[in-house]
Amino acid sequence: MAVPQEKVDAYLSSLDLPEELKQVPQVNVGFVGLDPKNVETHKTIVDAFTSSRKVDTHGIHYSIIAGDREFPPAKPKRTTYEWFLPKGILKRKWMKKHLYDLPAVVIIFFDLDWGDPAWNEKKIGCSSRVKAIRAALTTQQTRLAVVLVQRAAAGDDPQAAERAADLCAACDLPPKSLWVLPITDHLSQYAMRLESAFYELAQTYYHQRVKAIRAHRELLSKSHHQALFVRHQFKLGFFCEVRQDMAAAYKAYQQGYAHLLELPTTDLTLCELKVVAAMLSFKVCRLAFRQNLPRDAIAHFRRHVELFRARVGPQELAVEHCGWLAQQYQWFGEVFDQAIQMGLPAIQTQHPGLYFEQAALHGRKRHQTAAALPLDGAQYPSPDPLAGSLETDFFGQRPWRPAGRNVELMDTEREKLGVLAIQLCERSVNHHNLVIPLLSSAISHFKKYHCPRMKERLMVQMAEEYALSGDHDKAVILLGKVLLLYRSERWWPLVVQVASLGLRSAYLSCQLEPYLAMAAALLSAAVPTPAEQRARLDANVHRLMARQPPEPEPGCAVAAGWPAALAAVHQPVPLELSSRDTLVSCSASFGAARYQQGRPLTVRLRLANLSAAPLPLQTARVAVAGRGAQTAAGGPLPAGAERVLTLDVPARLAELGSVVWLETVALELAAPDCLPLRLEWKLSLGDEQLHQSMFGLPVGAPFAELGGLCATVVPRPARLTLAADHRPPALVGEVYQLEACLTCDDLGAEVTDLVLEVSLLGADEETAKNTFVVYGDMCQPLSQPLQLPCGSVQPLASCRQLLGVQCLTAAGRQLQLAARYSEQTEAGLCQGRVAHTVGLEVVHPFQMSVRAVALTLEPVEAVGADQTALLIAQITNTGPHTVRLRSTLLQMDETLFTVCDSEGEEEDGTTSEDGAPAGGGLRDLVLQPMESATECVAVTAGAAAGAAQPGSYTVIWNRSEWDDRPVSTVSPAPALQVVPCPLQVTADLPAHGTVRTPLAVRYTVTNRSAHVYSLMMLMEPSDGFIFAGNKRYQFRVVPGGSRQLTYNLYPRLSGRLTLPRPRLTLYRDGAPVEAAELIDAALRHLPTHICVMPQEKGGPHDVQGLTDSIRAL
């Protein structure tokens, strides 16, 4: 007998956790005196407290209370529990009372301004309303407060303080329980402040509740009041949770659960124990997750399940126990999921999907247990034993039993009727509708945490549930998805099971395409389908092609909808196959692995009929990626026969270098009075291993067995040969000549649209910017490829292009020369390309250095004013080529120096005949490899002193064999400093002397200052000379004047001899003055040595001749 649905729903609701337990308890605040339905101002106030609340505000539940509301009465206080015996554990209405019925704080709103003319009358009305609410609450500990709704902020109203005290006295309220709410634009801010005050007032109420519960607990005895220990701990945890003291609430619920386990268990109390244990475990686990204690929550739940798994109770109610276990796993999965949404991380081995799966498992076991109950012919008892199951005084107690935990089983017959009612309700419950959402939740979590195998397994279970519930359409959809996954992973035994289940659902729902797809999966050569089933399926497929209903699947009744389903088909039915050996053995391949551009492609299609009856093959169509589909005519294909079809794919010139693959192969089976079928194979995108896996072949099978699924379009053989003629290495700065030679063969017509492209390979940006191509009058950097049109070339003819490559840095380069051209073919104008890479080594042409020396050839960094220095430039040809130096040019700071030419005259800025700057000493000089050239240029400092800018030394050169483009190479010259020289001493002496031959030396002392210098010159002796003249001579030099001192030197030795060195001393007022810096600067550039040559043979050797010479001196 079927139980009415409303009774089944009531039965299921009695087994579920109560809604007030699932929600987070909040502070209950009641509003009195507001009429939001009729008064707009009151509606604005209510919205300010409820609608505009933020997430981080206090957890408060606001309720509108009428003025005549009756509140739950307070229980009489007990002084002892000695003779009190509890009738149950947790009262059903207790949580609702404290969440909705009994507010912690009652807020009385009253419209009253401080300056209201009828202040006294309204004060009396306000106090009357407060007294009425206080009388309705009787002995409850609910807090009272008054909020005065005023039209504007009071500001500094002098009457406010006095009238506020008067009103508090009239209402018997403390001053802290009176607030003012101005109706202004800042109403929401005032509401937030009042909310904090309401919350603090409610905290005192719940704190008093907690103290009262703890006081009651001290009066209890474990021998008689074990249930009260559980009840009081639950109440304590509930109030702590309202106060948001989560740690205390968590501890109280844990202690309540521990007290619950100490209660004695009998068949009469087992149901109540399990219900209360579930409620306490729900609270413990949720609070553990909120306190970031996921391991504690999981450990508590596992212990909870293990403790009650074996407490089945009477075997007649085993089905109810299965439902209770399913419910435990379900609510824990939901709590776990909520924690994850709040930021708790989960892992692959511990996530909510595991618990939803267990809930579904116990749900299926619940269905199996309910189906095995011996209820044939049983009638639902009357009166209903389950009536009022949601209205019992305590959670978990049977409605047919009298209230109380210690009653004995008095009415055995009524107990049997209650058990029968539960069994009949379980038999009437649609367990599939309960299991399917659980499986769906588990699938989503296994998918989220990357567990594909578990997801597929649960999808099969979900499809089974759909099939058992009669929803075969959804079962077929799920099984079709799983079948593709199992088939791609080659789980052939699983493919057989899934396809067989899908075949039953497709048959019962009369779905033609899914039925053919499942049958094709079982007919695949790779699937281990039994021979009898394979023969039956093959016959059913041919029956469907003949528009006849298939034979029923084993264990299925005849489906009456097949004739109508077959009659409604007019277009070919698509049947996508994943195996090449299903009904028809199909093997497609290209005729070759590579095709030249412009040549048509050939596709070979080998077909074999694997069924036991002929197939009416009408057409065969092959789709090639990017080239559309090609069709070939077929014909009847007898059983076991083979046929090879060849299809030509037209050529396309735009596919050069691309890979062309076979996308699909389709066979159209059609004949008069037959069901048209279109067999389709979707081939992989050139991935042979994937294709082998789908076709069931071993990975690594020969390519010839599988067939070539892709082909490459390669360029046609190049008509041109490209070569480069040059003389490496290239020199930095020169225009390096490179000649590209293009030669055409005689295998076709002329080559047109010839373009020579020059580019750099693998060069960085800096190197590309310092590399230029010179072509005619054009000079372009190679940061971008350069394209040079070259016209056309006839067969067996050549084309030469001379290019200049200028490299400004000494770094190797890879220069690519590529020629693009067009030629006429049978498919149209075809593009061709040939490339040649030139490795270019770039070296410096020579090594240059410029140094500054004094006239004594000593290195100097500073030159005195009006003095002369020498700049010596050295050029060494370090390259392998002969270099011609056209000219050189030295440039110095013109404000401080004057450069003299090779003849000692100042330069005039003229140029030579070849356009090179004049003034250099090296002209038209040829340097062979590793030869050097040296040039000495005199520079004279001006009268002004200062630091000069760095100069430059420029060499104009070119290769000896390339004279058309001279190259300019610049080397830096030293920056000399011109220092002032007030006193200057110069020496005039011959270039060399001869032993025993007198030579004259003249010293000139010049005063370039504005002061008169009094000097004394002292000649130091030298071992190599005898000199005649003033050894010590004191004199004066006026400003701008000079004084000459002449000495005759007589060399005694030959070689490089040290000259007698003069020493100057400055005198002032007849006394010597320390002026070392001035004297050193004056004597710095005097020669210190002279070369003395030996005397010629036959010269005077006698003493008399020497005496005469000395006398002559």
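**Sheets, overall dimensions and a pocket in a predicted model**

Strands E36 (residues 951-959) and E37 run antiparallel and are joined by 7 bridges. In this pair, Ile956 lies opposite Ser968 of E37. The structure described here is a predicted model. The two strands belong to an open sheet of 4 strands, ordered E33-E31-E36-E37, with antiparallel pairing. From one strand to the next, the twist averages 35 degrees.

A second open sheet was examined in the chain. Its 5 strands follow the order E2-E1-E3-E4-E5, and the pairing is parallel. Here the edge positions are held by strand E2 (60-65) and strand E5 (178-182); because each has a single partner strand, one side of each is left without a neighbour in the sheet. The twist in this sheet averages 25 degrees from one strand to the next. Strand E4 (residues 143-150) pairs with E5 in the parallel sense over 5 bridges, and Leu148 stands opposite Val180 in E5. Helix H7 (residues 187-217) packs on this sheet, where it touches strand E1 (27-32), E2, strand E3 (105-111), E4 and E5. The direction of H7 makes about 155 degrees with that of E5.

Over its whole length, the chain contains 26 helices and 49 strands. Its radius of gyration is 57 Å, whereas a compact globule of 1113 residues would have a value near 32 Å. Along the principal axes, the C-alpha atoms fill a box of roughly 175 × 110 × 60 Å.

Two or more lining residues come from each of helix H1 (5-15), helix H10 (270-290), helix H12 (318-341), helix H13 (352-371), helix H14 (412-428) and helix H15 (431-448). H12 gives the most to the lining, with 9 residues. By class, the lining of this pocket comprises 22 nonpolar, 9 polar and 12 charged residues.

Technical notes
Residues are numbered from 1 along each chain as its sequence is written. This is a predicted model: local features need pLDDT of at least 70, side-chain atom pairs count only at pLDDT 80 or more; totals for chains, interfaces and linings use all residues. Side-chain values use heavy atoms; hydrogens and water are left out. Ala, Val, Leu, Ile, Met, Phe, Trp, Tyr, Cys and Pro count as nonpolar, Asp, Glu, Lys and Arg as charged, and the others, Gly among them, as polar. Two strands pair if DSSP finds at least two bridges between them. Axes are lines fitted to C-alpha atoms, for helices over the stretch in contact, and angles run from 0 to 180 degrees between N-to-C directions. Contact means heavy atoms within 4.5 Å. The radius of gyration is taken over C-alpha atoms; the globule rule is 2.2 Å times the number of residues to the power 0.38.
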